[in-house]
Amino acid sequence: MKIFVTGGAGYIGSHVVKLLGEQGHNVLVYDNLSTGHEWAVLAGRLVKGDLSDRQFLRDTLKEYAPDAVMHFAASIQVEESVREPLLYYRNNVINSINLLETLTELKIGYFIYSSTAATYGAPEASPVDEDTPLAPINPYGMTKVMVEAVLRDIAAKGDFRYVALRYFNVAGADREARIGQAYREATHLITRALRTAKGEQEKLLVFGTDYPTVDGTCVRDYIHVEDLASAHLLALMYLREKGASDVMNCGYGHGFSVLDVIRAAKAVTGVDFPVELAGRRPGDPPELVADSSKLKRLTGWSPLYDDLGFIIETAWKWEKKRSAAKD
Ligand code: UFG
């Protein structure tokens, strides 16, 4: 298939592009390289472009004429979204609408969308399934809820089908350490822990120790980026086989606390890096664990790397190889 991938030079997008290439698909990556990297595109062709440039987007899509689109391009930091909400509504909502308008005009009808567990806010249920009411507690989560609503309404008209994957905590890297997280400012727990072990960061702060969880720190469902990547390909095959539009959680179904992750990171790296207990970070729900039974049932997804130690090992291998200068 010919697949147009927005944000394909970013962390998650680049792992999906790699897998699409390995499985013989033809890929065109459309990325403005604001946080993505040319070196991360291991398959297909890269076009540097912005989703706000509607003319260029339309020309590129018309010429490439893809069978399907995967849409990763977005701003993704919860804290930043609280400080800069308009940036998030523009990048995530308006740009998605630009893309969707162009796709409907060109009659491109298969779409895989990067959504997030942040759409649930701070759910009481654990694990959460897709019927849990959406109640985001930050602008980032709200932008994803809004685009999910747009997708639902477009699909209801016919000729357009989509799967929105709600990602939980994506971590780890390519097993051969060719690609991985390469943000100048790391915000994610595992990446920060490893950068602390590497000495790039002085200490790791634990944000909040008084949550109603097993040890007082937040609990998350960490999923290896390559398992997440395979879910995208399966979701696309599901649509091609006439599957109905749907929203599917993507996680392993069990959680680890911040302290669990720190212990595992120390064991993998062999470094007893400095850790400091700190106050809560605004916008953090106590616990987010996925019920992914729908994804498994509808697409046959069967994860291969459900092992926190392995996730951290791949991230560590990448982190040791990564050059901050190339972030
Ligand atoms: N944390 C720390 N210290 C740090 C960094 C993080 O204690 O230096 C804690 C956070 O407070 C949180 C947990 O580690 O409790 C995980 O934090 P991350 O920043 O790694 O991830 P989040 O759970 O905040 O968010 C991630 C994605 C979101 C997505 C969400 C869904 O970044 O886009 O997972 O589960 F919505």
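Two strands are taken to pair if DSSP finds at least two bridges between them. In this predicted model, strand S2, which spans residues 26-31, pairs with S3 in the parallel sense over four bridges, and within this arrangement Asp31 stands opposite Lys48 in S3. Both strands belong to an open sheet of seven strands, whose order is S3-S2-S1-S4-S5-S6-S11 and whose pairing is parallel. The edges of the sheet are formed by strand S3 (45-48) and strand S11 (246-250), each of which pairs on one side only. On average, and with direction ignored, neighbouring strands of this sheet are turned by 20° against each other.

Helix H5, made up of residues 139-156, lies across strand S5 (110-116), strand S6 (161-167) and S11, and runs at about 155° to S5. The loop between S5 and H5 contains Glu130, which counts as buried because its relative accessibility is 13%, a value under the 20% limit used for that class. Leaving aside neighbours within four places in sequence, Glu130 is in contact with Tyr120, Arg166, Val247, Met248, Asn249, Asp291 and Lys294. The C-alpha atom of Glu130 is also separated by 9.0 Å from that of Ala290, although the two residues are 160 residues apart along the chain.

Pockets were examined as well. The second largest pocket has a volume of about 170 Å³, and its lining consists of Leu103, Thr104, Lys107, Ile108, Ile154, Lys157, Gly158, Asp159 and Phe160.

Terms used. Residues numbered from 1 in each chain as written. Predicted model: local features only at pLDDT ≥ 70, side-chain atom pairs only at ≥ 80, totals over all residues. Heavy atoms only, no water. Helix = DSSP H or I, 4+ residues; strand = E, 2+ residues; numbered from the N terminus. Axes fitted to C-alpha atoms, helices over the stretch in contact; angles between N-to-C directions. Contact = heavy atoms within 4.5 Å. 1 Å grid on protein atoms, 1.4 Å probe; cavity = no way out; pocket = protein on both sides within 12 Å on 5 of 7 lines; lining within 4 Å. Points joined across faces, edges and corners; volume = space filled by probe spheres on them. Buried < 20%, exposed > 50% of the residue type's maximum accessible area, 1.4 Å probe, protein only.
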